[in-house]
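Please walk me through this protein, from its overall layout to its ligand and its packing.

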Amino acid sequence: MDGEIIVEARGLNHWFGAGEARKQALFDIDLALPRGGLTALIGPSGSGKTTVLTLIGCLRAVQDGSLRLMGHELRGAGEAELTALRRRLGFIFQSHNLHESLTARQNVMMGAQVRPGVPDDLASRAATRALGLVGLSDRADYLPANLSGGQKQRVAVARALVGAPALVLADEPTAALDRDSAGEVVDLLKRLGRRRATTTLLVTHDNRILDRADRILTLEDGRIVS
Ligand SMILES: Nc1ncnc2c1ncn2[C@@H]1O[C@H](COP(=O)(O)OP(=O)(O)OP(=O)(O)O)[C@@H](O)[C@H]1O
């Protein structure tokens, strides 16, 4: 649907710690991410990027303000609702987080089976398709140890995308990659995003990928400055 807002924050504040150690990490964040496209979230270390990403990812509780994810208000949402929402997201982390004892296909299958009741044969077919999308059909039966850094991160991308998530949250997915592999991973996210109208929010320090973003949000000291 055109113009659909996938993520909308209004007056979002967040604190860490308690008592005297209590420290505000986010101040009055307003943002809206429309469906589709790739938004880069940038800013200095400690500016609050990961905090924003983990709040949107239902990985920490919203304390103050409003945060809506696919039409659901996260503030005050119950664990069952958060779990159901989390299953509609794809996560990609800085280090690929693949299981070393599982093949590429088995790792991607785990992404398909975060939803309960997905049978192995269905998950396996979906994993094979996702590995094809990231150009790794011929590596499906390899263990991570036998893949390059870029290939491992592409497996992680396939795992994040196998369940056709509405929103992909990526925390510095290219930090450990050389220039070519980093570009490939971002191009892949963009291409798949366009094809499936997936929204991607990508935290990065990486200037190499900013020219590929559709939108750039800059955080400084817990505030969105542009
Ligand atoms: N679990 C925590 N407990 C206490 N303070 C925290 C915690 N997580 C983050 N902070 C603080 O909140 C602020 C924002 O941190 P956050 O990790 O979101 O920044 P960031 O922009 O992602 O940084 P980096 O680029 O270094 O990963 C920082 O001042 C940080 O010290």
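The paragraphs below take the domains, the sheet, the hairpin, the ligand shell and the helices in turn.

This is a predicted model, in which local features need pLDDT of at least 70, side-chain atom pairs count only at pLDDT 80 or more, and totals for chains, interfaces and linings use all residues. Residues are numbered from 1 along each chain as its sequence is written.

Start with the domains, whose bounds come from an automatic or database domain assignment. Domain 1 covers 1-88 + 167-174 + 199-226, and domain 2 covers 91-164. Their centres, taken over C-alpha atoms, are 25 Å apart. Domain 1 gives 8 residues to the contact and domain 2 gives 9 residues. Two residues are in contact if their C-beta atoms, placed from the backbone, lie within 7 Å. On the domain 1 side, 4 of the touching residues are nonpolar, 1 is polar and 3 are charged. Here Ala, Val, Leu, Ile, Met, Phe, Trp, Tyr, Cys and Pro count as nonpolar, Asp, Glu, Lys and Arg as charged, and the others, Gly among them, as polar.

Now the sheet. Helices (H or I, at least four residues) and strands (E, at least two) are DSSP runs, numbered from the N terminus. Two strands pair if DSSP finds at least two bridges between them. An open sheet of 6 strands runs in the order 6-7-8-3-9-10, with mixed pairing. Strand 6 and strand 10 (223-224) each have a single partner strand, so one side of each has no neighbour in the sheet. Strand 6 pairs with strand 7 in the parallel sense, over 4 bridges. Leu 89 stands opposite Leu 167 of strand 7.

Next comes the hairpin. Strand 1 (residues 5-16) and strand 2 (residues 23-34) run antiparallel and are joined by 8 bridges. Trp 15 has Gln 24 of strand 2 as its bridge partner. The hairpin has 6 residues between its strands, and Gly 17 in the turn takes a positive phi of about 80°.

Gly 17 is also one of the residues that surround the ligand, along with Phe 16, Ala 25, Gly 43, Ser 45, Gly 46, Ser 47, Gly 48, Lys 49, Thr 50 and Thr 51. By class, this shell has 2 nonpolar, 8 polar and 1 charged residues. Which element gives the largest share of the shell? Helix 1 (residues 49-56) does, with 3 residues.

Helix 5 (149-161) is mostly covered, with 11 of its 13 residues buried. A residue is buried if 20 or more other C-beta atoms lie within 10 Å of its own, exposed if 12 or fewer, and partly exposed in between, with C-beta atoms placed from the backbone. The buried residues of helix 5 pack against strand 6 (89-92), helix 3 (104-112), helix 4, strand 7 and helix 6.

Just after helix 6, Ala 197 has a positive phi of about 55°.

Finish in helix 4, at Ala 123. Ala 123 is buried because 21 other C-beta atoms lie within 10 Å. Ala 123 touches Met 109, Ala 112, Gln 113 and Val 118, leaving aside residues up to four places away in sequence. Met 109 is 14 residues from Ala 123 in sequence, yet their C-alpha atoms are 5.3 Å apart.

Methods
A residue is near a molecule or strand if its C-beta atom, placed from the backbone, lies within 6 Å of it.
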